[in-house]
Amino acid sequence: MTLHAYLLLGLALFSLGLIGVLTRRNLIALLIGVELMMNAASLNFMAFNRYVVTDPTVGQIFVLIIIGLAAAEVAIFLSIILRLYREYRDIDAEKLTELRG
Amino acid sequence: MDTLSLLLLTTFTPLFAFLIALIFLLQQPRAAQTVVLLGSVVSLFASIVLFLQGPTEPLRFLWFSSGNIQLQFGFILDGPSLMFGMVVALITGCIMVYSTGYMAHDPDKTRYFSMLSLFAWSMLSFVYAVDLLQAFIFWELVGLASFFLIGFWYEKPSAANAARKAFLMTRVGDVGLFIGVLLILQATGIFDIPALLNPQTGLSTQVSPHTLTWITLLIFVGIMGKSAQFPLHTWLPDAMEGPTPVSALLHSATMVAAGVFLMIRLHPLFMAAETTPVVILTISTFTAILASTIAMVDTDIKKVLAYSSISQLGFMLIGLAAGSLFAGVFHLITHAIFKALLFLCSGIYIHAYETNDMATIGRKGGRNLKATTTGLVIGGAALAGIPPLAGFFSKEEIFAQLGHNGFNIYMAGAFFAAFLTAYYTFRMIFLIVKPDRHEESHDHHHGPLEPLNMKGPVMLLTIGALITGFFGGQIAHMLNIHAEHHALLDMLPAIAVVAIGVFVAYLDYGRSQAQRTGFISNIGALNTLFVNRWYIDSFYNAVIVRLTLAIAALMHWFETHGLDGNFDRLGLNILRTGTQSTRVQNGLMQLYLAWTIIILGIVALYIGMA
Amino acid sequence: MLSSILLIPVFTLLIIIFTPNRAVKFVRAICVLSGFFTLVLSLQLWMGYDPIRGGIQFEELIPWVPALGISYHLGVDGFSTILVMLNSIVYFTGVLTMWDLEKRVKEYFAFMVLLVIGVYGVFMSLDIFFLFFFYEIAVVPMYPLIIIWGSGNKEYAGMKLMLFLLAGSALLFPGLLAIYHASGLNTFDIVALSKHAFDPEFQIFVYPFIYAGFGVLAGMFPFHGWSPTGHVAAPSAVSMLHAGVLMKLGAFGILTVGMRLLPEGAVYWAPTFCTLAATGVIYGAFVAIRQSDFKFVIGFSSVSHMGIVLLGLNLAVLGQAGIEALNGAVFQMFAHGIMTALFFSTVGYIYDRAHSKTIADFGGLGSQMPRAVSIFIVAGLCGAGLPGLASFWPEMLVFLAALKTYPIVGAVIIVGLVLTAVYILRVFNLAFFGPPNERWNNLKSLDLSGLHILPRAILVAVLVFFGFIPRVMLDLINSTTEAFLGRF
């Protein structure tokens, strides 16, 4: 396994996530896409940490922070989705256009 | 008492009376009336004492200075101001007493009397003013007071309009005066009247003759406005909308007299200017004739008197412009007395019979009011210039002066105007004294028709009109002029003209079989012209008023459509641009995200390539 | 001294903010008290200012951001002393005028006090940064004050006012920064900057920015459109402050920043701006003749009267009659401030009771509300330049200067006096004289009385006082004028 393999995997994950975020209409699916992108970033961090930087702590700290952040983000995102659902009975991103100009 | 305290008593007592009445006594009209009357009496006595003390040096105090301008507040104590100050105080006093009867039932008496007091204060202060700007200030205040008094019955639209007209027309004149005053200041840096008049160092030595002509002409524009000379005369007849005592005051000793008095004050300047006297002579003579012709055909007693004032003011200005200070002052004083008398008489008639129409007053028995009718006849005779009453000597002086200086055309004009004066005055007298038929007089009044507080002033002024004519010598003495005694032969033309006028009036109105239409009605075109007051008012309404309104409308259009409209359009366009651009903001967050990524990608690529 | 005048309203504002909404009476009382104390302090300032010494007095200097040369620098000269006085009078009487306000009293007075703070700040600041800071503080509260408490087409009016004034600021700000930058002194201090001789070409380039930027607020023709609309929509005390004081900020700014710092630019542009100002005088008067709304008449009369101020300022630098012109302009700021305050205070009173300010709706109001009408008449006569009331003197001085410098312009402007009389008397005749309109019989019992008379009486007294004793004012102005014109 080389660094390139990890990076390619990360790229694939990130692209999948991005496609999900851009194309899916369901907010939950959007959330999944975002999570995928974050994981791709974490994977990249770990790969670089393993192959480039000698100090093992640097990348791991970032990844830990990302995991923590992702957990918090999911909590907030889900609660927003819940509120939205109660308000509009819908979680379709295309229909939630209250903020249009 | 020293001169200063006397002066303060004379000029400021009416002011304090005005303030006290207006601030503290709004709800107590009787108390207000008393306060104002007291103030007027104090002022009268002080002015008489001043007069008896004789002319002295002016008093001056610094009012303020700004840059090169020094403004003083002071009093001038020469012949004209002492005499005329006393006349003003006297006539104001008479009219106030008279008003207690005339306005007895008016609910707004406090306002009336306080305004009279304001009027007295400003006029007296104007008369004694030593400084040209000080004089201008009080000149304007005189105008203000007359604005309030003419529009006293402001609920009548005609009164309100008359007040507005008076204010605006005199204001037009004041613009000229103001420019003239400022030009004087610019040329000399001083406002002090005695200094300006000084023949060695005064204004006439400091400016070119050309400038002096301009300055005097501009000042004369102000005089035209105030003293109602053509073409700024039309406000004065309308001003009859005020209460009759106010008309009496306005026409005799205050408002209109202010104009003439200003000319008396600055007489040497006018004489030093080149073309000005001729211009004044032309305008005044024309005015005198014009006003007389209208007075010939008007049926309203107050209007007749108003036009006669205009014409007599013309006479005063003629006398002054012809070079005789004495003639002007003399006629101003005699006119003040007999015109006040005539207006007060007309007020009694109007009060008693509730009509302004002379023929109706006659038919309802006007001549039964003995004291009033005596006053009317004496006053009328003085106005017509019947010897030896007041008006005769002063008018004679004017003719003599015109003849002396060779102004023959103007003299002819003045004689013609004098003839007309005699005619319309006696037309008025005959219409009242010798009515064509008698009607039942409906007596609405519970009180007497001639109450004492109205009759008293009339009788006092009647005596005044009888005797003032003989004081020419004393007046001349006060002015430091030697009055020439004219031979009887020189007076003959004047007497003849008056006699013809009276005779024609007798033929037209006085005989028992008279037609009572006036000879002028045989000449249709002229009659129409006179009845319509030479169409001057119509011309003003049709041209000047409309022109002003049209310009205002044009400006208004420019404001709303041109300036404001364009700014609004600018704003709206910006707003529209904003509205259009918000379409990008459609609320689809995935689209935003896509755009973000695309743009970031492009930026990343760009950076990567660089 | 100056800081305490500035701090009294600041503390008032803090107290108001921390007062519960319902304590309406307390808020009013606090405002009246603060108005009264600032008035007393301003009187003390007036008395304390030494006209013989002249120049800037009561200076206070605290460095603020030394790196940028910003300092809290207060001080007054003869001009600003009287303008501080003007602001105090209008503030005090304005609070009394709004005594009856019921809607959101706390917020209203908070905004109003904020505005007053800004105005004081501008008049006292000797530092361009603070001057601009206070200037914006004074301008911004106008928007909520009009939008929330206004009447009629208030959203439009508030927006228009705000946009015009901010556009003015947008012109002003680069101009001020350019001055700061070009001097190279690294200071915003006006006193220091005024000793620096700027390059003439730079002055000529920058001066119009400063003039137009401040000029918008001074109601300069042709950028005056916001002012009548704003006056009409604003509640009466705001109109009072707005027309009475706020518009003077503009003229004061031109004087203290534009003319003081850029004298050569001022001289270069003076003929152009003279023409504009003179046009404004006549134009405003003509437009006023056609208006059908009380407040619009007054609004356009303000355009006309502020034209006299601007004319005076521009004539001042031309030399021939500089002293008269500048004395007149500054005096006119004061006189016009008091006069319009009186106008709006009275019209506001009538409007609050009759709920109409259309002139044609009235007629014969004189017999129904004699006191209110009399006071309006006093203000109107003052507007017409009648002697015996304050605005006669400044108008005379400016006319005199105009006649000396540009005789034709002077003559035309004086004719403007007649136009003023025309529109004022038109209002009198249409609204106050003539047969009383039955519709307003209910107003008979609502005429000015008691506490309502007080603010108007103060304003009338001030007008009459300076009408007869202008010396008090002119001595003060004169103390600064000559030194000020020494630069030209």
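## Exercises on a three-chain model

Chain A has three helices and zero strands; helices (H or I, at least four residues) and strands (E, at least two) are DSSP runs, numbered from the N terminus. This is a predicted model, in which local features need pLDDT of at least 70, side-chain atom pairs count only at pLDDT 80 or more, and totals for chains, interfaces and linings use all residues. Residues are numbered from 1 along each chain as its sequence is written, while chains are lettered from A and ligands numbered from 1 in the order in which they are written.

**Exercise 1.** Describe the outline of chain A.

*Solution.* Start with the order of elements: along the sequence, the pattern is α-α-α. Next, look at the span of the C-alpha trace along its principal axes, about 50 × 25 × 25 Å. Finally, take the burial: 14% of the 101 residues of chain A count as buried (20 or more other C-beta atoms within 10 Å of a residue's own; 12 or fewer is exposed, in between is partly exposed, with C-beta atoms placed from the backbone).

**Exercise 2.** Find which pair of chains has the most contacts, and describe the side given by chain C.

*Solution.* Two residues are in contact if their C-beta atoms, placed from the backbone, lie within 7 Å. Of the two pairs of chains that touch, B and C have the most contacts. Chains A and C do not touch, their nearest C-alpha atoms being 20 Å apart. Now turn to the contact between B and C: 40 residues come from chain C and 39 residues from chain B. On the side of chain C, H18(C) gives the largest share, nine residues.

**Exercise 3.** Work out how helices H13 and H17 of chain C pack.

*Solution.* Begin with the geometry: H13 (residues 294-316) and H17 (residues 392-405) of chain C pack at an angle of about 50°, with their axes 10 Å apart. That makes H13(C) oblique to H17(C). Then list the residues: H13(C) makes the contact through C:Ile308, C:Leu311, C:Gly312 and C:Leu315, and H17(C) through C:Glu395, C:Val398, C:Ala401, C:Ala402 and C:Thr405.

Here are the cut-offs for the angle. Axes are lines fitted to C-alpha atoms, for helices over the stretch in contact, and angles run from 0 to 180 degrees between N-to-C directions. Under 35 degrees counts as roughly parallel, over 145 as roughly antiparallel, 65 to 115 as roughly perpendicular and the rest as oblique.

**Exercise 4.** Is C:Gly75 buried, partly exposed or exposed?

*Solution.* First place the residue: C:Gly75 lies in strand E2 (residues 70-76) of chain C. Because C:Gly75 has 19 C-beta neighbours inside 10 Å, this residue counts as partly exposed.
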